Amino acid sequence: MFASTVLTENKILIQQLLNSLPPQGRSIIYKLYIEDLTESQVAQQLHISQQAVSKWKKKMLQKLSQTVNF
């Protein structure tokens, strides 16, 4: 029971964190870490360069880190 509650709370927290990101950044982070796609695959799907995906990823991870560490 306790593990189930913690898992549910973690899912809610992750969703809230993702929702705090701009749509493009949220999409990139979701595809990289939830769908487990490569930067190249994400770039192809979103019709942007792999370098752009990499830059977005870095910026969004910094934002998430700042949000969690407030």
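Is Asp36 buried or exposed, and what is its relative accessible area? Asp36 is exposed, at a relative accessible area of 63%; exposed stands for over 50%, buried for under 20% and partly exposed for the values in between, with a 1.4 Å probe and protein chains only. The model is predicted, with local features requiring pLDDT of at least 70 and side-chain atom pairs pLDDT 80 or more, while totals for chains, interfaces and linings use all residues. Residue numbers start from 1 along each chain as its sequence is written, and side-chain values use heavy atoms, with hydrogens and water left out.

**Figure 1. Overall view of the protein.** The protein contains four helices and zero strands, in the order α-α-α-α from the N terminus. Helices (H or I, at least four residues) and strands (E, at least two) are DSSP runs, numbered from the N terminus. The C-alpha trace spans about 45 × 25 × 15 Å along its principal axes. Of the 70 residues, 21% count as buried. Contact means heavy atoms within 4.5 Å; among contacts between residues at least 6 apart in sequence, 48% join residues at least 24 apart. The average pLDDT, the predictor's confidence in each residue from 0 to 100, is 92, and 97% of the residues score at least 70.

**Figure 2. Helix 2 and its buried residues.** Helix 2 has twelve residues and reaches 15 Å from its first C-alpha to its last, close to the expected 16 Å. The expected span is 1.5 Å times one less than the number of residues. Gly25, Ile28, Ile29, Lys31 and Leu32 are the buried residues of helix 2. They lie on the same side of helix 2 because they cover an arc of only 165° around the axis, taken from the directions from the helix axis to the C-beta atoms. These buried residues pack against helix 1, helix 3 and helix 4.

**Figure 3. The loop residue Asp36.** Asp36 is found in the loop between helix 2 (23–34) and helix 3 (39–46). Its phi is positive, about 60°, although Asp36 is not a glycine. Most residues other than glycine have a negative phi. The C-alpha atoms of Asp36 and Asn10, 26 residues apart along the chain, are separated by 19 Å.

**Figure 4. The loop residue His47.** His47 lies in the loop between helix 3 and helix 4 (50–69). This residue also is not a glycine and has a positive phi of about 60°. His47 counts as exposed, at 73% relative accessibility.

**Figure 5. The crossing of helix 3 and helix 4.** The axes of helix 3 and helix 4 come within 8 Å and cross at roughly 110°. Helix 3 is therefore roughly perpendicular to helix 4. Angles of 65 to 115 degrees count as roughly perpendicular, under 35 as roughly parallel, over 145 as roughly antiparallel and the rest as oblique. Axes are lines fitted to C-alpha atoms, for helices over the stretch in contact, and angles run from 0 to 180 degrees between N-to-C directions. Glu39, Ser40, Val42 and Ala43 of helix 3 make the contact with Gln50, Val53, Ser54 and Lys57 of helix 4.
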